Amino acid sequence: VQLQASGGGLVQPGGSLRLSCVASGSIFRINDMNWYRQAPGKQRELVATITNGGSTNYADSVKGRFTISRDNAKNTVYLQMNSLKPEDTAAYYCNADIRGRNWRLNNYWGQGTQVTVSS
């Protein structure tokens, strides 16, 4: 099983970006899907979570600006980021709890995608 993230880039303050993360491999079911971020010199922090049923939760710092969603048919999670601020600059990582067709449940990480908010 692999997670492949994409969609990062350079954006001006106030702008928007949409991140995507696709899970591939021998997958039976994907449970919670998450986005984390890590800025230079800081700990990795949880940004948003979405359950298989679509319930969501957000870090206080992104509430009202970021929206997490998923397409279960495509094994994909998205993070729509609006009203971006310089402090949102970080490497963003997708993460998911996935039960494989071997029935094993494991936690997986995608590679980071860099988001830079700067004028």
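These legends walk through a few close-up views of the predicted model. Residues are numbered from 1 along each chain as its sequence is written, and side-chain values use heavy atoms, with hydrogens and water left out. Because this is a predicted model, local features need pLDDT of at least 70 and side-chain atom pairs count only at pLDDT 80 or more, while totals for chains, interfaces and linings use all residues.

**View 1. The disulfide of C21 and C94.** One disulfide is counted here, a disulfide being a pair of cysteine sulfur atoms within 2.5 Å. C21 and C94 form the link, with their sulfur atoms 2.0 Å apart. It joins distant parts of the chain: C21 sits in strand β3 (residues 17-24) and C94 in strand β9 (residues 90-100), 73 residues apart. Strands are DSSP runs of E with at least two residues, numbered from the N terminus. The link is right-handed, with 55° about the S-S bond. C21 is buried at a relative accessible area of 1%, and C94 is buried at 1% too; buried means under 20% relative accessible area, exposed over 50%, and partly exposed in between (1.4 Å probe, protein chains only).

**View 2. Strand β9 and its partners.** Have a look along β9, where nine of the eleven residues are buried. Two strands pair if DSSP finds at least two bridges between them. β9 pairs with β4 in the antiparallel sense over nine bridges, and I30 has I98 as its bridge partner in β9. Three bridges join β9 to strand β11 (residues 113-117), again antiparallel, with Y92 opposite T113. Five bridges pair β9 with β10, also antiparallel, and here D97 stands opposite N107.

**View 3. The hairpin of β9 and β10.** Four residues lie between the two strands, and W103 takes a positive phi near 80°. R99 lies over the face of W103, at 4.8 Å from the ring centre. A charge sits over a ring if NZ of Lys or CZ of Arg is within 6 Å of the ring centre and within 35 degrees of the ring normal.

View 4. The whole structure holds two aromatic pairs. Rings of Phe, Tyr and Trp (its six-membered ring) pair if their centres lie within 6.5 Å; planes under 30 degrees apart count as stacked, over 60 as edge-to-face and the rest as tilted. Y36 and W109 form a tilted pair, because their planes stand at 55°, with the ring centres 4.8 Å apart. Y36 belongs to strand β4 (residues 27-38) and W109 to strand β10 (residues 105-109), 73 residues apart. W109 is partly exposed, with a relative accessible area of 39%, and R44 lies over its face at 4.7 Å from the ring centre.
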